[in-house]
Amino acid sequence: MRTRYGPPDVIRLAEVAKPAAGEHEVLVKVRATTVNRTDCGFLSGRPFFVRLVSGIRRPKATVLGCEFSGVVEAVGSGVTSFAVGDQVFGFSEWRFGGQAEYLTIAEDGPIAAMPASVSFEAAACSTEGSHYALSMITKARIEGGQRVLVNGATGAIGSAAVQLLKRLDVVVTAVCSTEHVEMVRDLGADRVIDYTAEDFTQDAQIVDVVLDAVGKSSFGRSKRVLRPRGTFLSSDLGPLSQNPPLALITPLFGGKRVMFPIPPNHGREEMGYLKEMIESGAFRPVIDRRYPLDRIVEAYEYVEMGQKIGNVVITVP
Ligand SMILES: NC(=O)c1ccc[n+]([C@@H]2O[C@H](COP(=O)([O-])OP(=O)(O)OC[C@H]3O[C@@H](n4cnc5c(N)ncnc54)[C@H](OP(=O)(O)O)[C@@H]3O)[C@@H](O)[C@H]2O)c1
């Protein structure tokens with residue numbers, strides 16, 4: 001837990017009160033959770049606007065962890081969709097609480113029965129990167145047959161984006177470093193550009209959308225490979241925090257434009273879609289490292305380096 005914003009070492013292991021399920025809530029015994037870039041943003045309270053929801057001076061959520069999987073230990077008197085013993089996974093948006101032995105979540109929130117034949121670890125890391133990827137794909141109205149270039153195809157968002165796009169029959173060019181070319185090809189990418197050998201902004205292929213999943217490129221650099229009226233779509237503010245203002249200005253000119261979508265709240269419907277994607281084999285979350293809960297500070301330090309491959313899982317004893 002932590003009681004203030006700061007670097008990973010503000011987190012300490014502590015005994016906290018076991019939460020109780022409210023009338024329409026379930027109490028989950030957490031088996032696995034993750035440390036992701038959303039947790040890192042809420043840990044540091046940066047960019048500052050996250051504090052508008054997380055608490056201006058002190059964080060409201062003392063236990064972070066938005067992704068979780070586990071077993072239902074108790075249900076409130078009004079709960080009808082889950083029972084004690086059910087294996088579940090979900091996304092505790094805004095309230096967090098996954099990086100602990102127990103969490104409570106509303107039964108009509110982003111929680112679903114765990115997909116068949118998937119481990120707690122895989123289920124736990126299926127909801128954050130995929131949520132942001134799906135929200136970008138939906139907001140930009142990307143559809144089958146279009147060409148999309150995913151920059152940062154190895155991150156949590158990028159690796160989910162490649163798979164979700166392929167499910168829609170989009171033609172995907174993925175950009176990553178040499179070491180991960182085969183992995184990204186296995187995710188389904190039609191073409192892979194190794195950014196250590198080739199600059200994607202000089203590529204001969206013109207695309208409908210550049211989806212910058214790691215905020216390492218820019219609209220200015222990507223324009224050359226975008227078709228007229230094409231979209232530069234980013235999950236990140238950009239190197240100079242330029243993406244939000246460009247998203248407001250560029251649509252006014254009717255040409256190539258920037259989109260910086262604000263993700264909607266994660267919901268039950270989306271959990272159903274992800275569950276079906278996992279069960280059909282269309283989405284396999286990529287797992288990089290695993291840490292036990294008592295080494296969570298190390299996990300944050302690693303994730304903050306911005307070089308994780310897919311997801312970092314925390315196993316909860
Ligand atoms: N909008 C939102 O609400 C929201 C929510 C969560 C996260 N985010 C932002 O979204 C971004 C991505 O998050 P994430 O969790 O997916 O990231 P991540 O998992 O931390 O991404 C790490 C990956 O980026 C790749 N990478 C590093 N430098 C690169 C470069 N110059 N070009 C291309 N790829 C590079 C690395 O692979 P290689 O070794 O193959 O390069 C690494 O696998 C972050 O900037 C985060 O702050 C936004």
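Which side-chain oxygen reaches to within 3.0 Å of the backbone nitrogen of Thr-38 at the start of α1? The oxygen belongs to Asn-36. A pair of this kind falls under the definition of a polar contact (N or O atoms within 3.5 Å; within protein, one must be able to donate a hydrogen and the other to accept it, and residues adjacent in sequence count only if both atoms are side-chain atoms). The structure is a predicted model, in which local features need pLDDT of at least 70 and side-chain atom pairs count only at pLDDT 80 or more, while totals for chains, interfaces and linings use all residues. Residues are numbered from 1 along each chain as its sequence is written, and side-chain values use heavy atoms, with hydrogens and water left out.

The protein contains 10 helices and 13 strands, with helices (H or I, at least four residues) and strands (E, at least two) taken as DSSP runs and numbered from the N terminus. Its radius of gyration is 19 Å, close to the 20 Å that the globule rule gives for 317 residues, so the protein is as compact as a globular protein of that length. The radius is taken over C-alpha atoms, and the rule is 2.2 Å times the number of residues to the power 0.38. Along the principal axes, the C-alpha atoms fill a box of roughly 55 × 45 × 40 Å. Of the 317 residues, 55% count as buried, where buried means under 20% relative accessible area, exposed over 50%, and partly exposed in between (1.4 Å probe, protein chains only). The accessible surface of the protein comes to about 14,200 Å², and 53% of this belongs to carbon and sulfur atoms. Such areas come from the Shrake-Rupley method with a 1.4 Å probe, and for residues only the protein chains shown count as cover. Among contacts (heavy atoms within 4.5 Å) between residues at least 6 apart in sequence, 69% join residues at least 24 apart.

Oxygen atoms of the ligand lie 2.4 Å from a polar side-chain atom of Asp-236, 3.0 Å from one of Ser-235 and 2.9 Å from an N or O atom in the side chain of Ser-177. On its own the ligand has 940 Å² of accessible area, and the protein covers 87% of it.

Helix α1 is largely enclosed by the rest of the structure, because seven of its eight residues are buried. These are Thr-38, Asp-39, Cys-40, Gly-41, Phe-42, Leu-43 and Ser-44. The buried residues of α1 pack against β1 (25-35), α2 (51-54), α4 (129-139) and α10 (296-304). After the helix comes Gly-45, whose phi is positive, near 70 degrees. In the loop between α1 and α2 lies Pro-47, and the peptide bond from Arg-46 to Pro-47 is cis, with omega near -5 degrees.

Positive phi values also occur in residues other than glycine. Arg-141, in the loop between α4 and β6 (147-151), has phi near 50 degrees. Arg-141 counts as exposed, at 69% relative accessibility. Asp-169, in the loop between α5 and β7 (171-176), has a positive phi of about 65 degrees. Asp-169 also counts as exposed, at 58% relative accessibility.

Ala-122, in helix α3 (residues 120-124), has a relative accessible area of 17% and is buried. Leaving out residues up to four places away in sequence, Ala-122 touches Pro-285 and Ile-287. Gln-242 lies in the loop between β10 (226-234) and α8 (243-249) and counts as buried at 18% relative accessibility. Apart from neighbours within four places in sequence, Gln-242 is in contact with Ser-218 and Leu-237.
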